[in-house]
Amino acid sequence: MDKHYLIWQRLEGFLAFCAGLLLFWQADAGMAWWLALLLFFAPDLSFAGYSLGSRFGGAIYNGVHLYAFGPLAMGVGLALAWPGLVAAGALWLGHSGFDRMLGYGLKSADSFSHTHLGPIGKAR
């Protein structure tokens, strides 16, 4: 995989992470810090999908880690005037960017360690 491609992908992840945090701050939902931290890491619960196999686990993980998921939740929160959902959507976007920034890309159907950003884990 082209090294420059990976650098751009990680930079994009960093920018999405920063945007998510800024949008969370702007949402001003009055959320406790511990709840914000829990919501930030909540998408990682999608790892549980791997208990049903790599194909299913990868699909669940990828669906939850799409960049569009957070902004969609934010849009619904704005439409319904629910600042908590706006804040949660911003954290979700930030989480997806955080993972990509660290090199945890979208998963292939054959293994958790094969991502669109290259291999992760001990197999590297």
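Let me start with the loop between α1 (3–27) and α2 (33–41), where Asp28 sits. Helices here are DSSP runs of H or I with at least four residues, numbered from the N terminus. Asp28 has a phi near 45 degrees, a positive value in a residue other than glycine. Asp28 counts as exposed because its relative accessible area is 64%; buried means under 20%, exposed over 50%, and partly exposed in between, with a 1.4 Å probe and protein chains only.

Before going on, a word on the source. This is a predicted model, with residues numbered from 1 along each chain as its sequence is written. Local features need pLDDT of at least 70 and side-chain atom pairs count only at pLDDT 80 or more, while totals for chains, interfaces and linings use all residues; side-chain values use heavy atoms, with hydrogens and water left out.

Another positive phi is at Ala81, about 55 degrees, and Ala81 is not a glycine either. Ala81 lies in the loop between α4 (69–79) and α5. With a relative accessible area of 61%, Ala81 is exposed.

That brings us to α5 itself. Helix α5 covers residues 83–101, which is 19 residues. From first C-alpha to last it reaches 27 Å, close to the 27 Å expected at 1.5 Å a residue; the expected span is 1.5 Å times one less than the number of residues. After α5 comes Gly103, with a positive phi near 100 degrees.

Leaving out residues up to four places away in sequence, His95 touches Phe40, Phe41, Pro43, Asp44 and His65, where contact means heavy atoms within 4.5 Å.

Asp99 is also found in helix α5. Its relative accessible area is 7%, so Asp99 is buried. Which side chain does Asp99 join in a polar contact of 3.1 Å? The partner is His65. A polar contact is a pair of N or O atoms within 3.5 Å; within protein, one must be able to donate a hydrogen and the other to accept it, and residues adjacent in sequence count only if both atoms are side-chain atoms. Asp99 touches Asp44, Tyr61, His65 and Tyr104, again not counting residues up to four places away in sequence.

Now the aromatic rings. Rings of Phe, Tyr and Trp (its six-membered ring) pair if their centres lie within 6.5 Å; planes under 30 degrees apart count as stacked, over 60 as edge-to-face and the rest as tilted. The count comes to 6 aromatic pairs. One of them is Phe17 with Phe40: the centres are 6.1 Å apart and the planes at 70 degrees, so this pair is edge-to-face. Phe17 is in helix α1 and Phe40 in helix α2, so the pair ties together parts 23 residues apart in sequence.

Phe47 and Tyr61 form a stacked pair, 5.5 Å centre to centre with 20 degrees between the planes. Phe47 lies in the loop between α2 and α3 (54–64) and Tyr61 in helix α3, so parts 14 residues apart in sequence are tied together. Phe47 is partly exposed, at 35% relative accessible area, whereas Tyr61 is buried, at 1%.

Finally, Phe17, Phe40, Phe41 and Phe98 form one aromatic cluster.

Technical notes: Helix = DSSP H or I, 4+ residues; strand = E, 2+ residues; numbered from the N terminus.
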